[in-house]
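Student: I am new to this structure and would like to get to know it. Could we go through it together?

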Amino acid sequence: MAEDCIFCKIVRGEIPSNKVYEDDELFAFNDIHPVAPVHFMLIPKLHIASLLEADDSHAALLGRMLTLAPRLAKEQGLDNGFRTVINTGPGGGQEVFHLHIHIIGGGHIPPMVR
Ligand code: 5GP
Ligand code: ZN
């Protein structure tokens, strides 16, 4: 846990969030500025700043995140698919430096690349 990390504070309950899911390793909560009708983030409770800081020791944890994502998406009503986004580092437009997968869907999802 990182003392000053916003998402670590959300996991600890020090900042309120609209929780979607929690287990011993993972936590999911709605984005405060949703870009679509459903927009939540799935994060590890372990503070990993970004994919740039992830290594082989995190492989199982990252795998769990990817297999949990569709289950949570369906629970949130996204029966027809969803978008996953992981922004990594300043070059990837990351703003909060605690690894997270955005899960986005519902409404119109534009093409990623034109
Ligand atoms: P990034 O650009 O790092 O991939 O995404 C960070 C996301 O975190 C943004 O979509 C932003 O809206 C969201 N966010 C930032 N601060 C908070 C917060 O305090 N609570 C919640 N629920 N989301 C936040
Ligand atoms: Zn953190």
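Student: Which residues lie nearest the centre of the largest pocket?

Tutor: Happy to start there, and keep in mind that this is a predicted model. The largest pocket has a volume of about 420 Å³. Its lining is made up of 22 residues. Those that lie nearest the centre are F7, D31, I32, M41 and V96.

Student: Which element gives the largest share of the lining of the largest pocket?

Tutor: Look at the elements that give two or more residues to this lining: α1 (6-12), β2 (26-30) and β3 (38-44). The largest share is three residues, and it comes from α1.

Student: How many residues of that lining are charged?

Tutor: Sort the lining of the largest pocket by residue type. Ten residues are nonpolar and ten are polar. The charged ones number two.

Student: Which residue in β2 is the bridge partner of E22?

Tutor: Strand β1 (residues 19-22) runs antiparallel to β2, and three bridges join them. The two strands form a hairpin, with three residues between them. Within this pairing, the β2 partner of E22 is F27.

Student: And which residue in β3 stands opposite L26?

Tutor: Here we turn to the pairing of β2 with β3, which is antiparallel and has five bridges. In β3, the residue opposite L26 is P44.

Student: How many of the five residues of β2 are buried?

Tutor: A residue counts as buried when its relative accessible area is under 20%. β2 pairs with β3 and is joined to β1 by bridges. This strand is mostly covered, and of its five residues the number buried is four.

How values were computed: Residues numbered from 1 in each chain as written. Chains lettered and ligands numbered in written order. Predicted model: local features only at pLDDT ≥ 70, side-chain atom pairs only at ≥ 80, totals over all residues. Heavy atoms only, no water. 1 Å grid on protein atoms, 1.4 Å probe; cavity = no way out; pocket = protein on both sides within 12 Å on 5 of 7 lines; lining within 4 Å. Points joined across faces, edges and corners; volume = space filled by probe spheres on them. Nonpolar A, V, L, I, M, F, W, Y, C, P; charged D, E, K, R; others polar. Buried < 20%, exposed > 50% of the residue type's maximum accessible area, 1.4 Å probe, protein only. Pairing = 2+ DSSP bridges.
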